[in-house]
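Thank you all for coming. I would like to walk you through one structure this morning, going from single side chains to the contacts between them.

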Amino acid sequence: MPNSDVVGLIHAPVGRDSKIAASLLQEAGIRSKITSDLSSFVASLGDEVAFAVLTEEAFRSADLRAVAAWIETQPSWSDLPFIILTNRGGGPERNPAAARLSEVLGNVSFVERPFHATTFISVARSAMRGRRRQYEARSRIEALDEGERRLQTALSAGRLGAWELDLASNELTTSATCRAIFGHAPEERFTYTDLLATIHPSDLGRMQAAVKATIETGADYSIEYRTFWKDGSTHWAEVRAQLYKDRFGKATKLVGVSADVTSRVEAEEYQRQLNETLEERVAERTRELEQAHAAVMAEVNHRERAEEQLRHAQKMDAIGQLTGGVAHDFNNLLMAVLGNLELLRKYVGEDVKALRLIDGAQQGAQRGASLTQRLLAFSRKQDLRIDDVDMRALVLGMEDLLRRSVGSTIVIRTVAPDNLPLVSADANQIELALLNLAVNARDAMPEGGTIQIELRQTDLTSSTVELSPGGYVVLSVTDDGNGMSEETLKKAVEPFFSTKELGKGTGLGLSMIHGLALQLKGHLNLASTLGQGTTAELWIPVSNSVVAEQVFPTIAPPATGKPSGPKRILLVDDDFLIAMSSADMLMDLGHDVVEAHSGAEALKLFGEGRDFDLLITDYSMPGMTGGELAKAVRAIAPNLPILIASGYSELPPGLELEVARLGKPYSQDQLAQEINKVLASSRPSKP
């Protein structure tokens, strides 16, 4: 924050409001200044002001052109926060005048009077934090400008021309010096097509091959070639560049410099001709041919390896899709098994042996349901769904799956302390990352060994190259396997890099985890010693939400309430076995059930004028999904409660409907509880 006597600027027609605001800011340690009229308020605005506090009535009938003009002339880094004190019920959604202020002032926070002192101070501090980030942005912009000036000075002193090539559009940006190196005037337009046209035909293929090699391998681009100027003269240009990639590892642009090396090349050529003999020329040509042959063979081998890796990646993707489909179908079968077992339990009476057998069958089916749920979660392809995640519950919940994945020769030890804060992450992606790390650790210990999975909380007080200050939960996976050399460790997170045998890995595991860490604003740290093992640490930022116990899916407790009476329910499921099981559970609860086995059949019932109290539909159905059916039904019966049953952990994005969801497989108690909840939320509230 800049040194100044003023941080908060206050303007209010009623002196009492100004004094209250100034007093609260002073108690919070925030300096402020009170202005008596609009002109002095505008005159006091400046870059050193962190935020401005004013009342709604101060601007209600005032001419805001001076304020708007000041806001319009702010530097690009500046967006001064305004705090508007409104009357009760005076928010922008109910107050056109407040909305008008929001349009004029831009960065506005509304505080409704009367307000609590804590609320006002919280809003003021939030505004200060936002302004502080603006000041930091200004400093970075100034530093970048200074760096640019120094770079231009260095380029000018070295007679180097700067250029940049966008790989997506082939748009070439060049400096005046660069254009001069290729025989063009500083004011002339110089495109990538123009550049290619100036290169000697004998050198053009070599230049394009070098560009392609740099894009494919990431190696620095360095080449010399002949150029034709407009006056017909031939010159030599030396061009060097580096490849830039985005955060996903995709090549985006080449940035480099060029120099006119005609004098040097001509001197070297003259010297070479003086010293060259026929025997040397033959030997040199032979070496060139051998090198060219080696380069061609290396390119062929590289292409064959890349094609094999691509085929393997496609095979793994197909297996993942097949696994998801099989797991979903198996989940539906478990739904029928669990539902019928639950109903059967009610009719066996006090037969202890039968009850024991039913309990065993239910436990086995529930264990199978848990495994299929994880397979379904891992097989889905979706964008990150950031939420508050309890890492301790997540890791402990995966212990059984991890032990099954690594085999009996591997011992897994888990260290997960209590009271860890929640983190901001995608639970499914974190599970997949942990599974990948565990499998990598297993592969590093072919003779067996120990994997230690540990959670710990760490607070950073200052920023590092990879991380910002703040709280983090660190998930570490340590093995005592083969380890990696320093050279291998540097390449470990590069896409398609793998130390495994061909066909046993895509080389994408660690790169995917690395990309996930960047998306979460965290970091993947790898440490390894050859022959001693490897430790992978995934740093995940702590959530800013209020810490609360996270509830993971479990078998729901018995329903505590009953619906107000029997309901007429339309049950839609394309699987006759599941439809029959679910209908039996509903009828056992006392409801009147009408079955339909497709979305079209359900809509036909509505078209016949049939009335229902509730619609329960499966999501994954051929022809028309449950989401599409729900949208169509809402158009016919807007107030009809809808409950969608799905075996997936999340409904697909794009279902823009407020509908309840019931996870498969579900018990009769869960079904009754969800019905009560849906019907209760749909009843109109009493006046």
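Let me begin with a definition: a residue is called buried if its relative accessible area is under 20%, exposed if that area is over 50%, and partly exposed in between, with a 1.4 Å probe and protein chains only. Please keep in mind that this is a predicted model, in which local features need pLDDT of at least 70 and side-chain atom pairs count only at pLDDT 80 or more, while totals for chains, interfaces and linings use all residues. Residues are numbered from 1 along each chain as its sequence is written, and side-chain values use heavy atoms, with hydrogens and water left out.

With that in place, Q74 counts as buried because its relative accessibility is 13%, and this residue sits in the loop between α4 (65-72) and β4 (82-86); helices (H or I, at least four residues) and strands (E, at least two) are DSSP runs numbered from the N terminus. The side chain of Q74 makes a polar contact of 2.8 Å with that of S78, where a polar contact is a pair of N or O atoms within 3.5 Å, one able to donate a hydrogen and the other to accept it within protein, and where residues adjacent in sequence count only if both atoms are side-chain atoms.

Next comes W163, in strand β6 (residues 161-166), which is buried at a relative accessible area of 11%. A polar atom of the W163 side chain lies 3.4 Å from the backbone oxygen of V257, and the C-alpha atoms of W163 and V255 are separated by 6.1 Å although these residues are 92 apart along the chain.

Which rings come together as pairs? Rings of Phe, Tyr and Trp (its six-membered ring) pair if their centres lie within 6.5 Å, and planes under 30 degrees apart count as stacked, over 60 as edge-to-face and the rest as tilted. By this rule there are five aromatic pairs, among them the edge-to-face pair of Y472 and W539, with 6.0 Å from centre to centre and 65 degrees between the planes. This pair links distant parts of the chain, since Y472 belongs to strand β15 (residues 470-479) and W539 to strand β17 (residues 533-541), 67 residues apart. Y472 is buried at 4% relative accessible area, and W539 is buried at 13%. The pair of F606 and F612 is edge-to-face too, because the ring centres are 5.5 Å apart and the planes stand at 65 degrees; F606 and F612 are both buried.

Turning to charges, side chains of opposite charge can pair when their charged atoms come close. A salt bridge here is a side-chain nitrogen of Lys or Arg within 4 Å of a carboxyl oxygen of Asp or Glu, and the structure holds 19 of them. In one of these, K230 meets E188 with the closest N and O atoms 2.3 Å apart. K230 lies in the loop between β8 (221-228) and β9 (234-245) and E188 in the loop between α7 (176-181) and α8 (192-198), so the pair ties together parts that are 42 residues apart in sequence. K230 counts as exposed at 59% relative accessibility, whereas E188 is partly exposed at 26%. Finally, a network of salt bridges links E224, E238, R240, R264 and E268.
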